[in-house]
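Hi,

Here is the structure I promised to send over. Have a look at it first, and then read on for what turned up.

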Amino acid sequence: MDNVQYWAIATTGERLGPMTLERLVSLRPRPETPIWRQGLADWTAAGEVEELREFFAPPAPLCPAPPAAASSYTAPAPQRMPYNYQSADNQQPPMPPTYLAWSIVAMLVCCVVTGIVALIYSTKVSSRYHAGDYEGARKASENTAIWLAVTIVCGLIAIPFQVVLSML
């Protein structure tokens, strides 16, 4: 006759067993889960069974807590800063104009090729500004204005030719 003790567990309305203690522990019973083994008068909560108490004990801390009077330092509460926060000594300049709407209209009405270049520069303005590259944003805005002017001039030159060609 073997000395192995067999266990049973009741989970979600069904009873499982007989099984070894290792198998029972692998099912991860909760402290209130009903457990039975030979020698117990009735089904008992797992947390009350002597052999299982060690599985429900809180884990020991990885490092001991420091003595209470070791330090009087308390860390300050973290503060959330707004997305566009800038300190007083590092003022954020205003964002230069993007000319995005003008670039789209000029591209559609005047000249597509140069309008696309103006559109690309106009999208670089806000992305560089929000990345903190204020000088790059300013240069992209200037390049947008230049390419926007080139697009409008190309359109003014091309429109009379388009009108003449459409009459033929």
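Before the sheet, a word on terms: two strands count as paired if DSSP finds at least two bridges between them. Strands (E, at least two residues) and helices (H or I, at least four) are DSSP runs, numbered from the N terminus. With that in hand, 4 strands form an open sheet in the order S2-S1-S3-S4, with antiparallel pairing. Its edge strands are S2 (14-19) and S4 (44-45), each of which pairs on one side only.

Some housekeeping: this is a predicted model, where local features need pLDDT of at least 70 and side-chain atom pairs count only at pLDDT 80 or more, while totals for chains, interfaces and linings use all residues. Residues are numbered from 1 along each chain as its sequence is written, and side-chain values use heavy atoms, with hydrogens and water left out.

**The chain as a whole**

The chain has 5 helices and 4 strands, and from the N terminus on the elements run β-β-α-β-β-α-α-α-α. Of the 168 residues, 20% are buried; buried means under 20% relative accessible area, exposed over 50%, and partly exposed in between (1.4 Å probe, protein chains only). The accessible surface comes to about 12,800 Å², and 63% of that belongs to carbon and sulfur atoms. Those areas are from the Shrake-Rupley method with a 1.4 Å probe, and for residues only the protein chains shown count as cover. Taking contacts in the chain with a separation of 6 or more, 51% are between residues 24 or more positions apart; contact here means heavy atoms within 4.5 Å.

**Walking through the sheet**

S1 (residues 7-11) is mostly covered, with 4 of its 5 residues buried. S1 is joined to S2 by 4 antiparallel bridges, and Trp7 has Met19 as its bridge partner in S2. The hairpin of S1 and S2 has 2 residues between the strands, and Thr12 takes a positive phi near 45° there.

Towards S3, S1 makes 3 bridges, again antiparallel. Trp7 stands opposite Arg37 in S3, and Ala8 stands opposite Trp36.

S3 and S4 are joined by 2 antiparallel bridges: Pro34 faces Ala45 and Ile35 faces Thr44. Their hairpin has 6 residues between the strands, and Gly39 has a positive phi near 105° in it. Over in S4, the side chain of Thr44 reaches the backbone oxygen of Asp42 at 3.0 Å. That is a polar contact, i.e. a pair of N or O atoms within 3.5 Å; within protein, one must be able to donate a hydrogen and the other to accept it, and residues adjacent in sequence count only if both atoms are side-chain atoms.

Beyond four places in sequence, Ile35 is in contact with residues including Trp7, Ile9, Leu24, Leu40, Ala46 and Leu52.

Trp36 sits in S3 (residues 34-37) and is partly exposed, with a relative accessible area of 31%. Beyond four places in sequence, Trp36 is in contact with Tyr6, Trp7, Ala8, Asp42 and Trp43. A polar atom of the Trp36 side chain also lies 3.3 Å from the backbone oxygen of Leu40.

**Cysteines**

How many disulfides are there? The count is 0, taking a disulfide as a pair of cysteine sulfur atoms within 2.5 Å. The sulfur of Cys110 is too far for a bond, because the closest cysteine sulfur, in Cys111, is 8.1 Å away. Cys110 is partly exposed, with a relative accessible area of 22%. For Cys111, the closest cysteine sulfur is in Cys154 at 4.8 Å, also too far for a bond.

Cheers
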